Structure formats: structure tokens, C-alpha cells
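Please read them with the structure open.

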Amino acid sequence: MSNKSHKSDLAKDSIPRLVINLAIPSVIAQFVTIIYNMADRVYIGHTQDGTTAMAGLGITLPVITLITAITYLFGVGGAPLCAISLGQKNKDKAEKIMANSFFCLVVSSIIITICVLIFKEPILYLFGADAATIIPAKQYITIYILGTIFVQITLGMNSYINTQGFTKTGMKTVLLGAFLNIILDPVFIYLFNMGIRGAALATIISQCVSCIWVIKFITGERSVVKLRFKHFKPDFKIILSICSLGISTFVMSSTESLLQISFNNSLSIYGGTTAVGVMSIMNTLLQCVSLPIQGIMTGSQPILSYNYGAKEYKRVRDCFKFSIKLTLMCSFLIAGSIILFSDIFVRIFTSDPTYIEFSRWAIKIFLFGMMIFGLQTGCQQSFMALGQAKISLCMALLRKVILLIPLIYILPALFGNSSFAHSASLAISPFVSDPSRVFLVLLAEPISDIIASLTTTTLFMRFYKKHLY
């Protein structure tokens, strides 16, 4: 794709056609990411010590999520700025933004790897590990963390591929890593009898191959914006701009790590290892709803950013309206399907009768609010695409930091002995010591999802009426 054709596509083509053409590869990539993330859990869940290993894997999720958050800070934070610069006809600045983003990803990955290797045991205990789960958690994270640099470069720089409109190439990045991981998982886990360590090794090998693919593309002829050695000198003004915009996505992801810690610690107290293991399944199913929505907005982001930079506000409005319809429909259908066919989804992860019964009950509570979550993601990511860092950050904080994390602790403390909580949790009373409080911990999720979705939508509509006409 030439620079000229890139401009013509984003500036003149039909909005529905553009959104669909750019979003379909991104949505496919996100569905593949779901399969990719599920692979480890599915294979591990069906090993001999699958229930304990699944809980151990759940303990490591906050570390992995934090790595993703830092990647978003420098990668996803810079991509909209890159697209806006292209819309302003400033290609040199766009390439400087990419180079500074790459520099930050490399430096941060080295720091993260060293810190986790040194302090992994106290970190895992802080994140909810106990005597049963600490061993599998350490086995997984020790190997996984060695591939941090591959994970960050792949995810971070793939954002620059997508923001140029090459969403099919971005999709191939995800497909490559996912399919390789799915193939390698059973080889290392079962054939080489490495268990949870094999799952980690399969992941970092897959990410290494994807990393090579991404670097080859952004340094090649097809890329409109190229990663050039001459721009590798850090420009702290550009880095500050990247971080200012990326901070909202960073907060969303890093607070996801804090959220997972809060869930793990609370469920460990009230429900033990079984509840923590079920939470690992819930997190994966939640991704089944959230990641396709993100895929739609990844496809919409270049259109929003480019036309906002070019002051083509009608096209921005048309893109937003079409995108928000897609995200809401997507969240409603996927979350509703998982709730309706919960038994099918749970059996993908485990054959343990306790886990099956517990998870079927938990899904109906945990995912209820996700049916309208397309509003939250669609509006929050639109703020991000239009360079509105402050309000995007506030909306990122609202759902998790202001609402969800406090409610995880407040609801069990205030209503743990209520007749309502007792009645709602009868189904899991044979499996956990304090079913009422386990129910209230899970109930915090839909309450927060609904309030945050409605609030973010209201604020974006005010911005829409004031600034996009």
C-alpha cells in the first residue's frame, strides 16, 4: 500500500466499508488471541494436577497483565499520535514517534525481566499464591518472563502496523504466534512431560517468531511509516507525548493486574484454591467478550485518528456511530451466548465436576454486565483515538479503581451475612467455606460494568456534541 492510497482510503472511502475492512482482520486477530490465551489453560486444565496448576497459572496473570499494560503505554499510546501525524502530512514525526516507542519497549522489557526474576516469589505470594499454588506459579513465570522483550515488541509495534491501515498484516502477526503456540503446547506439555513449564516455553518461542515478523515488516518497503536507525536517539518530548496518551490504556491494563490480585486474594480467603481456579476460567471468558470489541475499535482507530487530524469531523462522527453499534451488538451477543450455553464453555477448560458446577454458576453472575460493555470500550477507545488523554484516563480509572476494586472488598464486608447473598450462593455451598461472600465478590463485576458503561457513554456524547461539529 502506498502513502497515497493510504490517504485515499482513510480520507475518502465509505465509512462502513472502511470500518468493516479494517475491523475484520483485527477481530479475527482478537479471536485468535482468545484461542491463544485459552490454549495454555485448556491443556493445563486437563493434566493430572490440572486444578492446582490452573490456580497457579491464575496467580501469574497479574504479572502478565502488567507486562501488557507497559506495552500499551508505549505501543498503543504512540500509535494514534502516529496516525494523527500522518493525517497532518508529517511523516517524519510519525517515524520519530515509532522509533521512540520501540526504544521504550526494549528498555522497559529488560527492567521488567530482571525485577521479576529477582523478586518472583514474594511477588507471587503478594498476588494470592499459597503453599499449593506457589510451585506451579513459579515454574510458569520463571520461563515466561524470559520472553518479555518478544511479547512487548510484538504487541507494541503491531499497533503501528494496524494504525497505518495494514490490519491484515497485524492479524497475521497474531495468527502466526497463536497457531505456533497451539502446536507447541501439547508437544512440550505432554510429549516432553514439562507440564506448566512447557506451556510457558511454547508461549515465548511463539512470541519470538512473531517479534521477528513484526520487525521485518516495519523496517521493510511496504510500511508507510518505517522504523529507522537514525531516529533511535530518545526524544523525551515525544516520549512524554506517547506516555500522556498511552497512560489511559496503561491504567486500564495495569489496574486489570491490580484487579486480578484483588479477586485472587479475596477468593482465596472466602473460597480457597477452587475459587481461585474458577476465577482463571472467568478471566478467560471475560476476554472472549472484551477482545473482539477491542478488535473492532482497533479497526476504527486509524479512521478516527486520521480524519480528526485532517479536521474531517463528519467522517469522525459517522465512524463513531457505526463502530459503537458494532461493539454493543458484539458484547451483547457474545456475553449472552456464554451465559446461555455456560456448560459448553466450561467443559472446554476442565472435566472436574466441582469446577464445572462452580463455573456454570459463576458465569451467570460475572458476565451479566458485559452484555453492554461495548458502550464502555467503544467510547473510551474513541476518546483515545481522538487524543483526549485526560478524559480517557478518567474513564479507565472509573470502572476498576473507583468502582470494581473497592466493591470487591466492600460488598462482602457489608452484606456477607445477608439473606440475599445466602440464597444466591446456595449452589456453591458444598465447594467453598464462605459462599455468600464469594457471590458478593463476583457480583462486584457486573455492578461496575453497568455503571461505567453508562457513565462513559454519557460523557462521550457530550464531547461528541461539543467538539465534532
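1. **Ground rules.** This is a predicted model, in which local features need pLDDT of at least 70, side-chain atom pairs count only at pLDDT 80 or more, and totals for chains, interfaces and linings use all residues. Residues are numbered from 1 along each chain as its sequence is written, and side-chain values use heavy atoms, with hydrogens and water left out. Helices are DSSP runs (H or I, at least four residues), numbered from the N terminus.

2. **The largest core.** A nonpolar core here is a set of buried Ala, Val, Leu, Ile, Met, Phe, Trp, Tyr and Cys residues joined through side-chain atoms within 4.5 Å. Buried means under 20% relative accessible area, exposed over 50%, and partly exposed in between (1.4 Å probe, protein chains only). The largest such core holds 55 residues. Y140, Y144, M157 and I218 have the most contacts inside it. Two or more residues come from each of α3 (50-74), α4 (79-87), α5, α6 (134-144), α7 (148-163), α9 (196-218) and α10 (236-309).

3. **A separate core.** Another core, of 54 residues, lies apart from the largest one. Its members include I356, M370, L411 and L443. As background, nonpolar side chains in soluble globular proteins tend to be buried together.

4. **I218 and S223.** Contact means heavy atoms within 4.5 Å. Beyond four places in sequence, I218 touches M98, M157, I161, S223, V225, K226 and L227. S223 sits in the loop between α9 and α10. Is S223 buried or exposed? S223 is buried, because its relative accessibility is 1%. With the same exclusion of sequence neighbours up to four places away, S223 contacts Q164, F166, F217 and I218.

5. **Polar contacts of S223.** A polar contact is a pair of N or O atoms within 3.5 Å; within protein, one must be able to donate a hydrogen and the other to accept it, and residues adjacent in sequence count only if both atoms are side-chain atoms. The side chains of S223 and Q164 make one at 3.3 Å. The S223 side chain also reaches the backbone oxygen of V225, at 2.4 Å.

6. **S108 in α5.** S108 belongs to helix α5 (residues 91-126). S108 counts as buried because its relative accessibility is 11%. Its side chain reaches the backbone oxygen of L105 at 3.1 Å. Neighbours within four places aside, S108 is in contact with I70, F74 and Q152.

7. Helix α8 (residues 167-191) has 25 residues. The expected span is 1.5 Å times one less than the number of residues. For α8 that gives 36 Å, so the 36 Å between its end C-alpha atoms agrees. The helix bends by about 30 degrees at L184, with a proline, P186, following within four residues. That bend is the angle between axes fitted to the seven residues ending there and the seven starting there.

8. **L176 on α8.** L176 is found in α8. With a relative accessible area of 32%, L176 is partly exposed. Leaving out residues up to four places away, L176 touches V209, S210 and W213. L176 and W213 are 37 residues apart in sequence, yet 8.7 Å apart C-alpha to C-alpha.

9. **Positive phi values.** Most residues other than glycine have a negative phi. N193 is not a glycine but has a positive phi of about 55 degrees. N193 lies in the loop between α8 and α9 and is exposed at 64% relative accessible area. K311 is likewise not a glycine, with a positive phi of about 65 degrees. K311 lies in the loop between α10 and α11, and its relative accessible area of 63% makes it exposed.

10. **Helix α12.** In α12 (residues 342-349), S342, V346 and F349 are buried. They lie on the same side of α12 because they cover an arc of only 50 degrees around the axis. The arc is that of the directions from the helix axis to the C-beta atoms. These buried residues pack against α2 (15-45), α3, α10, α11 (313-340) and α13.

11. **K364 in α13.** K364 is found in helix α13 (residues 353-366). K364 is partly exposed, at 42% relative accessible area. Outside four places in sequence, K364 touches I339 and S342. A polar atom of the K364 side chain lies 3.3 Å from the backbone oxygen of R360.
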